[in-house]
Amino acid sequence: MGLYIETRVRADLETVWERTQEPERHQRWDLRFTEISYLPRAEGEPQHFRYATRVLPFLTVAGTGVSAGERHRAGGERVSALRFASPHPLSLLAEGSGYWRYVPTADGVRFLTGYDYRPRWGLLGRAVDRLAFRPLMGWATAWSFDRLRLWCERGITPEHSRNRWLLELLVRVLLVAVPVTLTGLPLGLVALYAVPLTVLGLAAAVLVPPSSRAPAARRCLRTAPARTREPRLLATLEQP
């Protein structure tokens with residue numbers, strides 16, 4: 001799969017499963033979605049769902065998907081797979097597929113995902129995806145996984161951890177922005193104060209580690225281990 005994200009959650013398997021499989025809880029921690037809702041289904045059929053992402057205050061991109069899960073596998077592992085597509089002409093993401101694995105460990109759960117998608121807009125879309133959108137999706141998935149981890153491990157709600165992250169981001173921006181405003185001083189004072197403070201502010205903004213109570217994408221594994229394969233369950237799902 002094109003993107004791979006993994007985190008370790010020190011919580012029981014059932015908690016992680018419920019907070020990732022129930023739409024109302026899933027949409028609270030996953031930055032990639034604004035809304036997720038299940039559609040009606042017949043007994044024994046895969047679950048169809050609708051998702052939406054608010055790109056701008058006045059623009060929401062929606063799509064549909066189909067998913068299935070296996071709760072009883074060898075070693076206590078669980079897995080879910082999905083296929084998804086968006087007909088919206090402004091959605092760079094045309095269609096894709098992916099999976100989640102839940103691997104029990106001695107102190108919790110290895111929660112990981114692998115997914116890939118086909119961009120639209122031809123050559124331009126592929127270029128935008130490679131240079132900007134795909135890295136952003138990888139970061140957003142990892143950030144969301146750490147947000148989920150904080151909720152499951154420490155009881156920090158997704159809303160609270162988001163606000164803590166925004167506050168820290170504001171502080172980091174101010175550490176750089178405030179010294180820059182001093183460049184309007186006379187040349188001698190700029191050399192004496194503005195330049196050193198800007199350098200120190202930039203270093204602090206980049207090097208100071210994130211709070212343990214705020215999500216951070218850097219805490220997640222972003223490279224798939226050798227011999228990683230998608231689950232067979234994915235092959236049973238048709239594109240929505």
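Residues are counted from 1 along each chain as its sequence is written, and side-chain values rest on heavy atoms, with hydrogens and water left out. Since the model is predicted, local features need pLDDT of at least 70 and side-chain atom pairs count only at pLDDT 80 or more, while totals for chains, interfaces and linings use all residues.

The protein chain carries 5 helices and 7 strands, where helices (H or I, at least four residues) and strands (E, at least two) are DSSP runs numbered from the N terminus. Their order along the sequence is β-α-α-β-β-β-β-β-β-α-α-α. The C-alpha atoms fill a box of roughly 75 × 45 × 35 Å along the principal axes. Of the 240 residues, 42% are buried, meaning under 20% relative accessible area with a 1.4 Å probe, protein chains only.

On the aromatic side, the count comes to 12 pairs; rings of Phe, Tyr and Trp (its six-membered ring) pair if their centres lie within 6.5 Å, with planes under 30 degrees apart called stacked, over 60 edge-to-face and the rest tilted. F33 and Y51 make an edge-to-face pair, 5.7 Å centre to centre with 80° between the planes. F33 sits in the loop between α2 (23-29) and β2 (35-38), and Y51 in strand β3 (residues 47-56), 18 residues apart. Y51 is buried, at 8% relative accessible area. The planes of Y102 and F111 stand at 40°, with ring centres 5.1 Å apart, so this pair is tilted. Y102 has a relative accessible area of 0%, and F111 is likewise buried at 0%. Y102 and F111 also belong to one aromatic cluster with W17, W29, W100 and F145.

Definitions and conventions
Buried < 20%, exposed > 50% of the residue type's maximum accessible area, 1.4 Å probe, protein only.
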